[in-house]
Amino acid sequence: MEALAALTLAVLVTCGVYLVLRARTYPVVLGLSLLSYAVNLFLFFTGRLVTGAPPLAGAATPTADPLPQALVLTAIVIGFGMTAFVVILALRARGELGNDHVDGTGEKS
Amino acid sequence: MNHWLIAPLVLPLVAAMLILLLVGRRGVQRAVSIGATAGLLPIAILLMCFAGDGEFGVYRLGNWPAPFGIVLVLDRLTALMLLLTAVLALLVVLHAVNGDDRRGRDFHVLFQLQLLGINGAFLTGDLFNLFVFFEILLIASYGLALHGAGAERTRAGLHYVVLNLIGSSLFLIGVGILYAVTGTLNMADLAVKVAAAPPESAALLRASALLLLAVFGLKAALLPLHLWLPALYGHATAPVAALFAIMTKVGVYAILRTYTLIFPADGAAPDVGHWLLPLALLTLAVGAVGVLGSQRLRVLIAYLVVVSVGTLLAGIGLFNTGGISAALYYLPHTTLVSAGLFLLADLIARQRGIHGDNFVLGPPLAQPTRLGVLFFLGAVAAAGLPPLSGFIGKLLLLQAVTPAQAAWLWTIVLTGSLASLIALSRAGSRIFWKTEGDRAVAGQAPLPLFAPAALLLAMSVVMTLFAAPVTRYTEATAAQLLAPQHYIAAVLGVHP
């Protein structure tokens with residue numbers, strides 16, 4: 001299961017970085033979302049991959065770590081807000097700069 | 001438990017919510033904003049009196065014991081940064097109420113939330129909580145950076161937002177690695193666990209330490225990550241740019257805290273100790289080139305901020321008492337002087353009509369003497385000429401180096417000062433002396449608009465007059481930072 005988790009993260013981060021390096025705001029926003037998905041999954045995995053274990057300390061059975069889940073929740077909420085903001089900002093940049101190039105210059109074609 | 005510790009967080013938060021409720025009543029909004037910001041000052045002084053004798057204030061939120069709950073920790077460094085923030089914020093908000101706060105919506109709400117984020121980042125003793133406060137101050141800063149609208153601001157703001165979103169992702173990855181290795185996020189507990197980490201996790205810890213350096217370096221505008229700063233600061237509204245003078249220092253603070261406490265230079269992740277000084281000197285050199293090449297006064301001041309970050313991190317990168325003490329003396333000086341210069345540049349730009357702060361032939365100013373004296377004061381302080389505090393800070397830094405490092409550090413710091421001096425002299429003569437045409441129609445700056453800039457620049461004189469007590473305080477702070485076992489004992493100690 002670890003290999004599959006690592007592979008998922010690798011694919012997400014690779015696609016995210018590739019898209020962030022595009023020069024148009026829409027792919028950049030998508031790339032940021034993919035990166036934040038990857039980060040959320042990564043945080044979730046830091047509690048180790050266990051299944052069917054209760055998130056309680058002190059029990060005799062092996063337990064799942066509840067803290068990464070709390071961290072991931074915070075990260076998801078912040079990520080949502082930031083994605084919404086960057087979408088609005090990208091739209092405003094499109095309106096004010098006249099095109100969707102991240103530098104606002106556009107390519108003469 | 002000392003409940004004053006949480007006051008620097010509660011006050012701006014309550015003020016922000018109040019101002020939001022008072023929508024449409026601008027006078028009351030301004031009064032609340034000024035009142036709350038002014039209230040931070042006595043609180044910061046109180047906390048500094050508490051921390052000044054070397055005690056640690058530990059505030060356990062929800063009264064959970066330390067490694068489990070979130071703690072706020074007050075030490076000398078935190079108290080110094082809180083006081084600096086309070087002084088800066090009060091003068092900036094006094095400038096903003098003269099009309100700049102009307103150029104966009106909800107200036108005061110964002111301003112107070114920004115103060116909440118900055119104060120929280122300085123106070124927190126928990127790494128994930130530091131991330132949360134970073135996000136609060138960043139979200140507020142995104143709004144403030146776009147305050148006043150305009151294509152240039154949007155362009156610079158977009159770069160800033162995207163870069164910082166990537167930075168936040170890296171921050172979370174760094175924090176996640178640390179948590180996976182140590183199972184804790186409390187900074188004091190992390191320091192213990194990282195020092196005792198088994199050798200097989202050394203590679204992960206090094207990766208985490210360097211990831212965090214990249215994140216804090218982005219906030220602080222360390223060399224390869226500094227490119228967002230000149231455009232953003234150069235185009236932001238004057239009070240926003242002045243407030244942002246403290247933003248890079250939040251990154252510097254995080255570097256100082258993390259790499260003295262969690263990853264000390266001789267500890268688990270020695271790379272930062274090797275990387276920080278060369279990177280800082282390169283930042284300084286590149287900033288100096290930018291200062292020389294600037295075509296506008298505010299871009300010039302933004303590059304001076306880059307130079308100051310290089311100087312600060314060069315002091316911290318020495319990782320000895322002298323270096324950190326020098327950096328901590330230089331930090332309030334450079335923050336207040338850069339902020340003062342940003343406000344002054346705004347006053348100058350208003351009196352030059354369409355020429356703004358561009359270095360082109362323009363009309364004479366309406367108040368050449370007053371503004372000229374202030375500009376001279378600010379330039380002397382920023383370039384680091386005697387007798388003002390910039391000189392003292394740089395002198396302390398030059399004295400702190402070992403002979404092996406001296407050749408590089410002396411050369412680059414002194415050349416950087418020379419470059420700043422040349423650029424500021426050129427800017428001053430272009431704006432004040434080489435003028436043509438009639439005196440600008442724009443009116444004279446009234447006293448309430450003029451006073452905050454003057455007071456910010458006068459802080460340099462104050463820091464010069466009281467250099468001895470300030471230096472004693474920063475030396476004690478540096479000693480406290482380099483002996484983190486007391487911090488760890490105070491945070492993890494027996495529950496009172």
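Predicted model: local features only at pLDDT ≥ 70, side-chain atom pairs only at ≥ 80, totals over all residues.
**Stop 1: the core.** Select Phe216(B), Tyr233(B), Tyr259(B), Phe263(B) and Leu409(B). These residues belong to the largest nonpolar core, which has 202 residues, and they touch the most other members of that core.

Now keep Phe216(B) and show what surrounds it. Which residues is Phe216(B) in contact with, leaving aside its neighbours within four places in sequence? Select Leu130(B), Phe134(B) and Phe171(B), then Gly251(B), Ala254(B), Ile255(B), Thr258(B) and Tyr259(B); Phe216(B) is in contact with each of these. Tyr259(B) was also part of the selection that opened this stop.

Next, select Ala15(B), Ile19(B), Val32(B) and Ala36(B). They are among the seven residues of a second, separate core.

**Stop 2: where the chains meet.** Colour chain A and chain B separately. Here 30 residues of chain A are in contact with 27 residues of chain B. The area buried between the two chains is about 2600 Å², and carbon and sulfur atoms give 79% of that area.

How many salt bridges are there between chain A and chain B? The count is zero. Polar contacts between the chains do occur, in five residue pairs.

**Stop 3: the chain A side.** Select residues 25–45 of chain A, which form helix H2, and residues 67–97, which form helix H3; these are the elements that give two or more residues to the side touching chain B. H3(A) provides the largest share, 15 residues. Finally, colour this side of chain A by residue type: 20 of its residues are nonpolar, five are polar and five are charged.

How values were computed: Residues numbered from 1 in each chain as written. Chains lettered and ligands numbered in written order. Heavy atoms only, no water. Core = buried A, V, L, I, M, F, W, Y, C linked by side-chain atoms within 4.5 Å. Buried < 20%, exposed > 50% of the residue type's maximum accessible area, 1.4 Å probe, protein only. Contact = heavy atoms within 4.5 Å. Buried area = accessible area lost by both parts, 1.4 Å probe. Salt bridge = Lys/Arg side-chain N within 4 Å of Asp/Glu carboxyl O. Polar contact = N/O pair within 3.5 Å; in protein donor to acceptor, adjacent residues only side chain to side chain. Helix = DSSP H or I, 4+ residues; strand = E, 2+ residues; numbered from the N terminus. Nonpolar A, V, L, I, M, F, W, Y, C, P; charged D, E, K, R; others polar.
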